[in-house]
Amino acid sequence: MRMRHVWMTAGTLFAGLGGHLQASDWNMPVGVTDVSREVYSLHMTIFWICVIIGVVVFGAMFYSLFRYRHSQGAKAAKFHEHTTVEVIWTALPLLILVGMAVPATATLKKMYDASDADLDVMVTGQQWRWHYSYLGEDVDFTSNLATPREQISGESEKGENYLLEVDEPLVLPVGKKVRLLLTADDVIHSWWVPELAVKQDAVPGFVNENWVRINEPGIYRGQCAELCGKDHGFMPVVVEAVEQEQFDTWLAERKAAAAQEAQGVDREWTMDELMERGEQVYGSICASCHQADGSGLPPAFPALAGNQALLDEPERHLDTVVNGVSGTAMPAFRTTLNPVEIAAVITYERNAWGNETGEVTQPADIADMLSE
Amino acid sequence: MWKTIKSVLAAFFGVQRESRRQEDFTTGKASSFIVVGILMGVLFVVILIVIATLAAG
């Protein structure tokens with residue numbers, strides 16, 4: 001009677017736990033793709049198999065310890081081998097493992113089948129941001145951390161999506177198979193969105209494939225999952241899944257904006273325009289290393305404010321931004337930034353924080369230089 | 001020969017009867033166990049490759 005009560009309590013506990021786990025932050029999310037659902041159900045199946053094994057093994061152990069204790073006059077058995085028992089305890093784990101491997105392999109096969117995609121997106125990891133390129137659509141942009149610096153330094157209260165918010169999310173259509181081609185410019189990164197069950201390494205010099213077909217519109221957040229340097233925790237991934245119609249509109253707007261930007265290259269820019277644009281670019285791209293006030297973090301990240309070499313040698317300044325400096329953390333920005341952005345950020349760096357050179361760099365000159 | 005194969009299979013599995021072990025060590029030849037062991041190791045790998053190919057196809 002008492003024993004039955006214990007089992008019933010345990011049963012209720014586990015049933016309650018199963019339901020509770022699904023909704024809690026302690027467990028992996030069910031996610032919003034067919035694959036993520038499969039991964040979740042695999043995870044739960046294997047979890048419960050482990051629970052059952054644990055209960056049986058530890059139950060048998062504790063029962064034996066108690067039932068055959070020394071004070072009750074138990075005598076140890078002294079036999080050397082027992083082939084039948086040995087065969088059972090070898091065969092049983094083998095069968096359990098194979099039993100888990102079969103459904104797991106079936107899911108892995110689906111995860112790796114990136115063929116017949118409706119849309120290809122190139123995902124490039126950079127220290128410390130993600131760059132997205134919609135292949136064949138002429139749309140590409142950089143996705144930077146949008147959490148204000150004051151929240152990070154503790155000067156203001158942390159927002160709801162602290163360190164999980166970006167200026168430009170990756171926008172994808174729902175119900176379409178999107179192939180992700182992942183690579184990196186500098187070190188190994190990993191593109192991870194739990195709700196999509198995608199965690200794929202982005203390795204310099206390699207292109208890894210993965211794919212998603214998102215079932216529900218929404219915003220899904222993730223992070224870089226491969227330690228990649230100073231701001232590893234400051235390059236989140238945000239995916240915004242929208243209906244196809246909304247996606248088409250967004251893509252068209254993006255293309256129009258890119259076309260307008262391309263036109264901007266040819267005209268003459270004023271100092272004020274370049275400074276305004278440059279501050280924007282500097283804040284999202286450069287400030288994580290060289291700091292918002294240009295003071296840098298020497299010796300790894302030199303100060304730009306009052307930097308004599310920068311002030312004296314405009315050519316070298318330009319070359320550093322466009323081509324990077326090999327052997328240092330300074331990357332090349334010739335592909336990340338467009339001519340307008342490069343001209344603006346150079347003008348800004350040469351005229352901000354007391355750097356008063358008065359020199360203006362025109363986008364057209366940068367475009368000429370890049371096309372050479 | 002059949003006995004050698006059975007002993008190698010038992011070694012793969014990790015369980016052997018003590019009487020069979022004694023027998024192998026008194027009447028068996030080391031070289032035959034080594035040769036059969038290597039061949040069956042190769043066969044095992046081939047079987048795994050076939051299973052993997054079937055599963056992927």
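A:Phe301 is buried in this predicted model. Its relative accessible area is 10%. Because burial is assigned under 20%, A:Phe301 falls within that class. The residue sits in a loop of chain A, between α6 (271-290) and α7 (308-312).

A:Thr147 lies between β3 (139-143) and α4 (149-152). A:Thr147 also counts as buried, because its relative accessibility is 5% and the cut-off is 20%. Two polar pairings involve its side chain. A polar atom of that side chain lies 2.9 Å from the backbone nitrogen of A:Leu163. The side chain of A:Glu165 makes a polar contact of 2.7 Å with the side chain of A:Thr147. Beyond four places in sequence, the contacts of A:Thr147 include the run A:Asn161, A:Tyr162, A:Leu163, A:Leu164 and A:Glu165. A:Ile152 is also in contact with A:Thr147.

Two segments of chain A carry a record annotation. An unreviewed UniProt entry lists residues 46-66 and 87-106 as "transmembrane region". In the model, residues 46-66 are 100% helix and 0% strand. The end C-alpha atoms of this segment are 30 Å apart. Residues 87-106 are likewise 100% helix and 0% strand. Here the end C-alpha atoms are 29 Å apart.

The size of an interface is often given as the accessible area lost when the parts come together. Between chain A and chain B, the buried area is about 670 Å². Carbon and sulfur atoms give 63% of that area. Three residues, A:Glu81, A:Thr83 and A:Lys109, supply 51% of the area that chain A buries against chain B. The side of chain A that touches chain B is made up of two nonpolar, two polar and three charged residues. In total, the contact takes seven residues from chain A and eight residues from chain B. Salt bridges between the two chains number zero. Polar contacts are present, with two residue pairs across the interface of chain A and chain B. Both pairs are at pLDDT 80 or more.

Notes: Residues numbered from 1 in each chain as written. Chains lettered and ligands numbered in written order. Predicted model: local features only at pLDDT ≥ 70, side-chain atom pairs only at ≥ 80, totals over all residues. Heavy atoms only, no water. Contact = heavy atoms within 4.5 Å. Buried area = accessible area lost by both parts, 1.4 Å probe. Salt bridge = Lys/Arg side-chain N within 4 Å of Asp/Glu carboxyl O. Polar contact = N/O pair within 3.5 Å; in protein donor to acceptor, adjacent residues only side chain to side chain. Nonpolar A, V, L, I, M, F, W, Y, C, P; charged D, E, K, R; others polar. UniProt positions renumbered as here; feature names shortened; annotations may be inferred. Helix = DSSP H or I, 4+ residues; strand = E, 2+ residues; numbered from the N terminus. Buried < 20%, exposed > 50% of the residue type's maximum accessible area, 1.4 Å probe, protein only.
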